[in-house]
Every structure is written in C-alpha cells, then in structure tokens.
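Dear colleague,

I am handing over the structure we spoke about, with its sequence, so that you can look at both before reading on. My notes on what was found follow directly below.

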Amino acid sequence: MHCQAPSIKAEDLDALDRRLIDSYQRGLPVCTRPFHTIAERLGSSEEEVLARLERLQAMGVLSRVGPVFDHARAGASLLAAVAVPEAERDAFAELINAAPGVNHNYAREEPAREHGYNLWFVMTAPDEPELEARLDDLERRLGVPILRLPMLEGYHIDLSFPIPWAELERA
Amino acid sequence: MKTTDDLSLAATGATLSTPSSEAERRLRGLLEQGLPITSRPWRTLAEQAGMAEGQVMACVRRWQADGMIKRLGLVVKHRRLGIQANAMVVWDVPDERVAEVGRRLAREMAVTLCYRRPRRLPDWPYNLFSMIHGTHRQRVLSELDAIVQRQGLEALEHRALFSTHAYRQCGGRYVREEAS
C-alpha cells in the first residue's frame, strides 16, 4: 500500500530471487509442501525458498503469494473514476480509500486534459446490489458524480508479465 | 501408490467430503490475503478455515479448474521493482469492431489487460481499455506507437492516461466481512 517508497534496485535481487519471480508468478504447486517442491525444481532448499519469499514480501516486491481470483466470478467489481480539482485530489483519494471494497486507487493524468477524470479506482463487493450501494454511498460522500465502467468483455486479463531485469539494471 | 495428499488426509482422519459453504467462504477470505509462508501453508489455512488440509487443496484445485482462480503464485508489485510507468490506454472503437481490436491488442506482449467497457456519453466516449506497463513513460509511449502501427489502429481515437500516484494497490477483497 506504500507505493511511493523508492524502488528496490534490481541488483538487490540475486539469481534465485529472480528465478522464483520468473518461474512462479503462476503455477505454484498445490501439494502438501509446495515450497519444498519449488526448491527441488530450482535446486535449492525449502528453508532457503521460504526465507527468500519472506524477504521479498518484507521488501514489498511481492504483495503476497497466493491466488488471483477472477473478478467477474469472485464477486462484483467495476472501474470507477471521478473528476476532482487537482489541489484537492489527496483529500478525495482519502475518502475513496476509506470506502469499503476499494482495491486500486490511482491518480492519472491525460496530457490533453479533455475529460478531467483524474482519480481512477476499482470498487469491489460480494454482489452487484452491494456494489451499487457502496458506489451510491461514496458518491454522496464525495459530492461529485462517479463514472461507472463495468467490464463487459475481457480479452486479456493477466498481470504476470515477464520482468525486464536487464532494463531495470540500466535504469 | 499413496500420494502425499492421501497421507496427509489419513493423518488428519478427514475425508474428502464437501466442506460447508461457510468454510469455503472463510477459505476464500483467507486466500485473498495470501498463503502463509510456511512449510505446510494449506494445513495452516485448513486450521483457520475449519477444514482438512486435503479439502483445502481440493477446493483450490476446483477453483483453478472452473476459472475462479486465474493464477496461483507470486503476486509482484511492479512499481516497487521500478516498473513505474503504467498507461491506461483508452480507445474509441466502433462497436462492431471492438471484439476484433480487443483481441488484437491482447496479442501484444506489452498489453497486460484489455477490457471492453461501456461508453458514458457525453462524458466518456471510450469503450476499450488496455494497460501497458514499462520502466519509463517514454518507453511506454514508443511501445504504444509500435502497437498502433503493427495492428493498423491509426484511425482509432485513443488516449494514454498515465498514473501519477498510487493511493492504493492491492488484491481484491470480495468476501463479505464479518459483522462486527
């Protein structure tokens, strides 16, 4: 959640860290000792893998180890946006973060500034009626209309893209 | 031959009966926070959810098979690694072409998410959303140019909205919280 912390240097992650990240953004084995299985495949030990994962989590490189649920099946969610004065953006963002079910909240800028939507967030809820109720409630608190953009069709939904290690080292 | 799963079931004396929906709901809530980083994470989760270890693994496999779980593994915070630039590129695509263009964009390596969403006229004319991540804004923009050329999308109105600040970035929490 502390996204403004300075980035980790790619050099701080050694070959084993990188292989863990490169190999296991998906396909974590579902067996009694998954980290033992991973260690065997990577030629390491279970203790070492557990220690690496603990460290990567503590560094904030990993938000967690676990499943990513399909939004559409796991409950209700939608992308929402509001247009607020830039000077008051932080205060509006705080109100949004305080609402139940908000899991992403970004300031975005659009160079041409033609539409003014500068806060974008994802609202989630157990079901559609609850989602609408949460948005209606938040809309009252914010006092500005919320642009509601539910997903109609997904063509590609996967954030487990390859990490450009070499490019990060040059940065 | 007995698998380790069979052995663990035998050890806990549990059978693979279907856990209660209440226990499954608890398990979902626990999984959304991630696995404990321990030698036997499923056992820990099983204890917390009131299930057997074998039932937890069976549940996870079922959710993987039916698509409820999209992937299982390390969830990376790209920003923390220095992949700081991310553009939400929004497109205004004629309705009859949106599925075709969406699938084209999805084929591009740099495009990590691609959805169709409704227009909200007159405020919002864009109906296709794609996400492009990169180390720097300029790299993301040149990648976008390359995609437009490769896929022949020059005629489509589009905008790149770069994130300038992340107020929150975390996994979904869909399970209803206990009344407190």
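How many residues does the contact take from chain A, and how many from chain B? The contact takes 76 residues from chain A and 68 from chain B, where two residues are in contact if their C-beta atoms, placed from the backbone, lie within 7 Å. On the side of chain A that touches chain B there are 41 nonpolar, 22 polar and 13 charged residues; here Ala, Val, Leu, Ile, Met, Phe, Trp, Tyr, Cys and Pro count as nonpolar, Asp, Glu, Lys and Arg as charged, and the others, Gly among them, as polar.

Please keep in mind that this is a predicted model, in which local features need pLDDT of at least 70 and side-chain atom pairs count only at pLDDT 80 or more, while totals for chains, interfaces and linings use all residues. Residues are numbered from 1 along each chain as its sequence is written, and chains are lettered from A and ligands numbered from 1 in the order in which they are written.

To begin with the chains, chain A has seven helices and six strands, and chain B has six helices and five strands; helices (H or I, at least four residues) and strands (E, at least two) are DSSP runs, numbered from the N terminus. Along its sequence chain B follows the pattern α-α-α-α-β-β-α-β-β-α-β. Of the 171 residues of chain A, 32% are buried, and for the 180 residues of chain B the buried part is 39%. A residue is called buried if 20 or more other C-beta atoms lie within 10 Å of its own, exposed if 12 or fewer, and partly exposed in between, with C-beta atoms placed from the backbone.

Chain A is assigned domain 1 (12-67) and domain 2 (71-149), the bounds coming from an automatic or database domain assignment, and the centres of these two domains, taken over C-alpha atoms, are separated by 34 Å.

The two chains also pair through strands: β1(A) and β1(B) run antiparallel and are joined by seven bridges, two strands being paired if DSSP finds at least two bridges between them. Within this pairing, A:F69 has B:I69 as its bridge partner in β1(B).

The largest nonpolar core has 37 residues, of which B:L27, B:A46, B:V56 and B:L74 touch the most other members; such a core is a set of buried Ala, Val, Leu, Ile, Met, Phe, Trp, Tyr and Cys residues joined through C-beta atoms within 7 Å. Elements of both chains each supply at least two residues of this core, including α3 (46-59) and β1 (62-69) of chain A and α2 (21-32) and β1 (69-76) of chain B. Its largest share, five residues, comes from α4(B). Leaving aside neighbours within four places in sequence, B:L74 is in contact with A:L20, A:I21, A:Y24, A:Q25, A:L62 and A:V65. A second, separate core of 23 residues includes B:A87, B:V93, B:F129 and B:L144.

One backbone detail deserves a look in chain B. Most peptide bonds are trans, but the one that joins B:L121 and B:P122 is cis, with omega about 5 degrees. B:P122 lies in the loop between β3 (111-116) and β4 (128-134) of chain B.

With best wishes
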